[in-house]
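Visitor: Please show me the structure. I would like to go through it step by step.

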Amino acid sequence: MNIHTLIHRSYPAVMLLSLGLAGPVALAQTPIPEPALTQTFDDAQLKWGPCPAFLPKGCAIAVLHGDPAQDNLDVFFKVPAKSTIPLHWHTSAERMVLVAGELHVTYDGQKTAILKPGTYGYGPAKRTHDGFCASSDPCVLFIAFESPLDAVPVVSTGGNAAK
């Protein structure tokens, strides 16, 4: 019997053996699937928590996905109508979509942007900004953070927010 015939006849056994050995390893490395989810900002099951003390009274944050102490966090951020968000910055870049209200946001060195529901905004990491909820209803933002959640207040004499 030549070597090619031996390999050809042994191939099914080798494949079965390989699959038998690799199967448990592959299964052990398969991540547990996450459930898909959807949320609306007015969902009664959302758990709203407090904002840092320097933000307006009545401000609240609801974690949608992730852990505030870890990378890749999604939140709803809500501020009362006619409230001012003081000058601050985040370690992380933030990707935002306004879902309710009208929010005026001013990043250091830029013109004020007026966000209406459905408006996307991007805030670079460590770029100071402030805001004003100009609507008669609360402003609610969806925000995706790349790094753990923080908000660092900046002491300012004038501020940027549109009043």
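This is a predicted model: local features need pLDDT of at least 70, side-chain atom pairs count only at pLDDT 80 or more; totals for chains, interfaces and linings use all residues.

Here are some questions on the sheet, the cores and one histidine.

Visitor: Which residue in strand 10 stands opposite Val79?
Guide: Strand 3 covers residues 73-79, and strand 10 covers residues 139-145. The two run antiparallel and are joined by seven bridges. Opposite Val79 stands Cys139.

Visitor: How many residues are in the largest nonpolar core?
Guide: Strand 3, strand 5 (94-100), strand 6 (103-107) and strand 10 each give two or more residues to this core. A second, separate core of six residues includes Ala62, Leu64, Phe76 and Ala100. In the largest core, Phe77, Val79, Leu103, Leu141 and Ile143 have the most contacts. Leu103 touches residues including Ile85, Phe132, Cys139 and Leu141. The largest core has 20 residues.

Visitor: Is His90 buried or exposed?
Guide: His90 lies in the loop between strand 4 (84-89) and strand 5. Among the residues His90 touches are Ala125, His129, Phe145 and Asp150. Buried means under 20% relative accessible area. His90 has 7%, so His90 is buried.

Visitor: Which side chain makes a polar contact with the side chain of His90?
Guide: The contact is between two side chains, at 3.2 Å. The partner of His90 is His88.

Terms used: Residues are numbered from 1 along each chain as its sequence is written. Side-chain values use heavy atoms; hydrogens and water are left out. Two strands pair if DSSP finds at least two bridges between them. Helices (H or I, at least four residues) and strands (E, at least two) are DSSP runs, numbered from the N terminus. A nonpolar core is a set of buried Ala, Val, Leu, Ile, Met, Phe, Trp, Tyr and Cys residues joined through side-chain atoms within 4.5 Å. Buried means under 20% relative accessible area, exposed over 50%, partly exposed in between (1.4 Å probe, protein chains only). Contact means heavy atoms within 4.5 Å. A polar contact is a pair of N or O atoms within 3.5 Å; within protein, one must be able to donate a hydrogen and the other to accept it, and residues adjacent in sequence count only if both atoms are side-chain atoms. Lists of a residue's contacts leave out its neighbours within four places in sequence.
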